[in-house]
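Thank you for asking for a second pair of eyes on this one. My notes follow the model itself, point by point.

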Amino acid sequence: MLHTIFQDIMMELSKDTIDGLANILNTNIITDDNFLQILGMATSYIYENPTEIKCTIKTSDAKPILTKKVFADVVCLLIEATRHDLDEESLRSFLNLVYIGEKRITKLCEVYINNKKAIQSQLELIGNNPPHIIDIDWHLDYCVKLDTCNSLGVPLYHVRLSTKKHETIDHVTFSCTIQQLQELVFKLKDAIRYSEKLTNV
């Protein structure tokens, strides 16, 4: 199982990023102070507004580009580890494969665990997925008369769907006749059958 997770992360991270993570071990490129600064800015960059964060990492005059690349590689690592919901032990095992020093692995894992929930919350805000239906209420009225005709005499269903997108809850309301409601139910059953068919492919 763990091997499969590592394979997934390896596929998500480019070879260039994995090779770049090895630079974390090189104290000639990344001093201890730089490393701590990179970790702090990487987490801020992910779950705050990236456009408002200026990457003012103090770099060695000889290695500014490499230092900024390590910053980008750490951001990628934290995002992928969070997406795969790695625990501390799994992340530590993965980083040992990349040959990062034990002291820096410990610090990286500490920062990851302390910020994992916040990063996950931020990642949930990404994308254009439609709202999820979380509840439904309905009641039945008997419509005797409408403005457009003298009498109608049909049952009318009033339906309210409660939807949730991110942390926002909204409501969708509509009214329909028994025939329209039956048609809606048939279409939902078709959608369920189609979804089940896809999962069995």
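1. On a 1 Å grid over the protein atoms alone, a cavity is a set of points where a 1.4 Å probe fits but cannot get out, whereas a pocket is an open set with protein on both sides within 12 Å along at least five of seven lines, and lining residues have an atom within 4 Å of a point. Grid points are joined across faces, edges and corners, and a volume is the space filled by probe spheres set on the points.

2. Please keep in mind that this is a predicted model, in which local features need pLDDT of at least 70 and side-chain atom pairs count only at pLDDT 80 or more, while totals for chains, interfaces and linings use all residues. Residues are numbered from 1 along each chain as its sequence is written, and side-chain values use heavy atoms, with hydrogens and water left out.

3. The protein has seven helices and three strands, and along the sequence they follow the pattern α-α-α-α-α-α-β-β-β-α; helices (H or I, at least four residues) and strands (E, at least two) are DSSP runs, numbered from the N terminus. Of its 201 residues, 29% count as buried, where buried means under 20% relative accessible area, exposed over 50% and partly exposed in between (1.4 Å probe, protein chains only).

4. The largest pocket has a volume of about 240 Å³. Strand 1 (132-143), strand 2 (154-165) and helix 7 (178-199) each give two or more residues to its lining, and helix 7 supplies the largest share, four residues. The lining, which includes Trp138, Tyr157, Phe174 and Leu184, divides into 11 nonpolar, no polar and no charged residues; here Ala, Val, Leu, Ile, Met, Phe, Trp, Tyr, Cys and Pro count as nonpolar, Asp, Glu, Lys and Arg as charged, and the others, Gly among them, as polar.

5. A nonpolar core is a set of buried Ala, Val, Leu, Ile, Met, Phe, Trp, Tyr and Cys residues joined through side-chain atoms within 4.5 Å. The largest such core has 31 residues, and those with the most contacts inside it include Ile24, Val74 and Leu108. Two or more residues come from each of helix 2 (15-21), helix 3 (32-47), helix 4 (64-83), helix 5 (88-97) and helix 6 (102-124), with helix 4 giving the largest share, seven residues. Leaving out residues up to four places away in sequence, Ile24 touches Phe35, Val70, Val74, Ile100, Arg104 and Leu108, contact meaning heavy atoms within 4.5 Å.

6. Ile30 lies in the loop between helix 2 and helix 3, and at 0% relative accessibility it counts as buried. Beyond its neighbours within four places in sequence, Ile30 is in contact with Asn23, Phe35, Ile38, Thr67, Val70 and Arg104. Ile30 and Leu66, 36 residues apart in sequence, are 8.8 Å apart in space, C-alpha to C-alpha.

7. Two further residues deserve a look. Asp73, in helix 4, is buried with a relative accessible area of 4%, and its contacts, not counting residues up to four places away in sequence, are Asp16, Thr17, Gly20 and Leu21.
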